[in-house]
Amino acid sequence: MCNRSPVLLQKLLVLQSSKASIGAAVFSQRKRHLASEATAAAMKYILVTGGVISGVGKGVIASSFGTLLNACGIGVTSIKIDPYINIDAGTFSPYEHGEVYVLDDGGEVDLDLGNYERFLDVTLHRDNNITTGKIYKMVIEKERIGDYLGKTVQVVPHITDAIQEWVERVAKNPVKDGSVPQVCVVELGGTIGDIEGMPFVEAFRQFQFRVKRENFCVAHVSLVPSPRATGEPKTKPTQASVRELRGLGLSPDLIVCRSEKPIGSEVQDKISNFCHVAPDQVVCIHDLSSIYHVPLLMEEAGVIEFLNERLKLEIPLPKPARLMQSWRDLAERVDNVYKKVSIALVGKYTKLEDSYASLSKALLHASLAVGYKLDLKFIEACHLERQTKQETPHLYYEAWQCLTNSNGVIVPGGFGCRGVEGKIRACQWSRENNKPFLGICLGLQCAVIEFARNVLNLADANSTEVGDCEHELVIDMPEHNPGEMGGTMRLGKRTTLFKEGKSIIKQLYGNVNQIEERHRHRYEVNPKYVEQLEAKGMKFVGHDSEQTRMEIVELENHPYFVATQFHPEYLSRPLKPSPPFLGLILASVGKLEAYLDQGNKLSSSAQVTSESSSDDDGQLYKANRLLKKMTVSGKPLKQKQATPEVNGQCNGSHSPVCNGQAEDK
């Protein structure tokens, strides 16, 4: 029972005794209010806000809160608030906010919900993403049907009430194993002070009193820059940001300081002094070699103990010795694999790597599972086209050199005609040179078009998305409404049935008869060409439940040439890589056949370390492990023994950029 149960019980008894005098309608309304109050009291909320700049890492911090609580046996759900007026992220260009992430129910949402699902291994819903557009749409619809009884509809109280009611309602939705969560982590997008976010800040100012102090806390994520001119961490931006947050009625319980390098205790004490919080309420997260170190660093900073006391979570203390062990193993694996696998991603939005955030993570998950470090090369599809050879030949030759030097190729989805010919040429090169290949969504369509042109000799084969053509290999679906763009695609989790017979992709999925994956497309392979394509060796081994839509294609007599109409990257998890991506990595390092022969089992050494990749790599791995143990035990290290990472702190010598926020915008 919650702390307020006796009070609520007394209120209910008083209400029951006055039922006859107040009338049935008023009684029902007040009873619902008390029920809502009781539910709100039982749920705990952590609000994550950001200051100074956007893209400071709120998504990873919010996900890490959930990861820590999950490890302690606390059920967690997440809500992402985006203050833009769009109804959802479905009509965004990838250059605006990165990739559009798709949920089981077809919701097109912000990529931060992908962070939450990957970190917490939960299944979120479209209502876990709140936008200004959704809130205003709901309030206006209520006004149109007379719900406000002629009152003037205003931001306060109607918009702010709608926000609070939405959060309370969604927080109770099960996201894992059908159980109601105990804690809801709410991330408020943007930075404090943005005009778009003001109604949400005001809503949570009221919300903290609605659910009471013991059920609500605020974590403020702020940047602590270190200008090159001085090299000294500057706390003034954080002070100003916290001051503004307090001026709006919210006081931070935790201040999470993001910095390029570790922050000393002097700076931590200064922030504590000027921002009116205890020193242990200032958590410093510097740039790390991987985002998987963030929950571990927060755990070391005492975040679990603080949340346990602040929110009365009743987590048994002291913590178990092996708490977060799976995350420690994962973080260690990221740092201790040395043999690289090079994958070329031929895309249309490569100027912003967040456009392919889930793809990058899925490839990383698969690479780590096999025991290799991912070397992901982004290639702009347009640069592979013959027109580029005439206009900017250096870009053309650079792109082709990168493609031909890769171990495997992936051609992801996209919309519009730009870059399609470059993707088609990448498909052709992979097919003709037996290069491991994975096509996704548009990648499947390009692979089919290329095969029709060069094997079936249908020179004019193309997609109706690109324009009119004689041989329409790819056509639009009945769901596609050209007059309305938002939410008109084939979206969400759908069933794919495997055909009888042997296929590589079916084996990778465990030889099951059907699978469920998430979709996001409005074009599909024209069924009337399927028979001709299969006669020449392009087999459609998976189709939808009506057997009219082609879901998976696989090329005969090729090491690994697989394409899917669905997006398998959305369901990839750090400890459970997606089968199509795992197949690509295994084929790229020459281990796919052995993996399938062993019944889809990886060797234990490949799963944990890279000792099996080469003798030199194994020696380097052992040396790094020894150095870490020496550091933990307090024994001094000589300068020449320093490694790229000791105790989770990066010294800048990694080959990839250590930005610590690859999952966040």
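1. Asp112 and Lys80 form a salt bridge, with their closest N and O atoms 2.9 Å apart. A salt bridge here is a side-chain nitrogen of Lys or Arg within 4 Å of a carboxyl oxygen of Asp or Glu. Asp112 lies in helix α6 (residues 112–120) and Lys80 in strand β2 (residues 76–82), so the pair ties together parts that are 32 residues apart in sequence. Helices (H or I, at least four residues) and strands (E, at least two) are DSSP runs, numbered from the N terminus. Asp112 and Lys80 are both buried. Buried means under 20% relative accessible area, exposed over 50%, and partly exposed in between (1.4 Å probe, protein chains only).

2. On the basis of the model: it is predicted, so local features need pLDDT of at least 70 and side-chain atom pairs count only at pLDDT 80 or more, while totals for chains, interfaces and linings use all residues. Residues are numbered from 1 along each chain as its sequence is written, and side-chain values use heavy atoms, with hydrogens and water left out.

3. The salt-bridge count comes to 29. One of these joins Arg169 to Asp127, the closest N and O atoms being 3.2 Å apart. Arg169 lies in helix α8 (residues 155–171), and Asp127 in the loop between α6 and β5 (129–131), so this pair ties together parts that are 42 residues apart in sequence. Arg169 is partly exposed, at 36% relative accessible area. Asp127 is partly exposed too, at 23%.

4. Glu141 and Lys137 meet in a salt bridge at 2.8 Å, N to O. Both residues lie in helix α7 (residues 132–144), four residues apart, about one turn of the helix. An α-helix has 3.6 residues a turn, so residues three or four places apart point the same way. Glu141 is partly exposed, with a relative accessible area of 43%. Lys137 is partly exposed, at 43% relative accessibility.

5. What span should helix α18 (residues 420–432) have at 1.5 Å a residue? The expected span is 1.5 Å times one less than the number of residues. For the 13 residues of α18 that gives 18 Å, and the end C-alpha atoms are 18 Å apart, which agrees. In α18, 10 of the 13 residues are buried, so the helix is largely enclosed by the rest of the structure. Among the buried residues are Lys423, Arg425, Trp429 and Arg431. Just after α18, Asn434 takes a positive phi of about 55°.

6. Cys427 is in no disulfide, and its nearest cysteine sulfur, that of Cys446, is 5.5 Å away. Cys427 is buried, with a relative accessible area of 0%. Cys446 is buried as well, at 1%.

7. Asp88 deserves a look. This residue is found in the loop between β2 and α5 (94–97). Asp88 is buried yet has no salt bridge. The nearest side chain of opposite charge is Arg126, 5.5 Å away. In that assignment, Lys and Arg count as positive and Asp and Glu as negative; His and the chain ends are not counted. The Asp88 side chain does reach the backbone nitrogen of Gly90, at 2.9 Å.

Note on methods
Disulfide = S-S within 2.5 Å. Polar contact = N/O pair within 3.5 Å; in protein donor to acceptor, adjacent residues only side chain to side chain.
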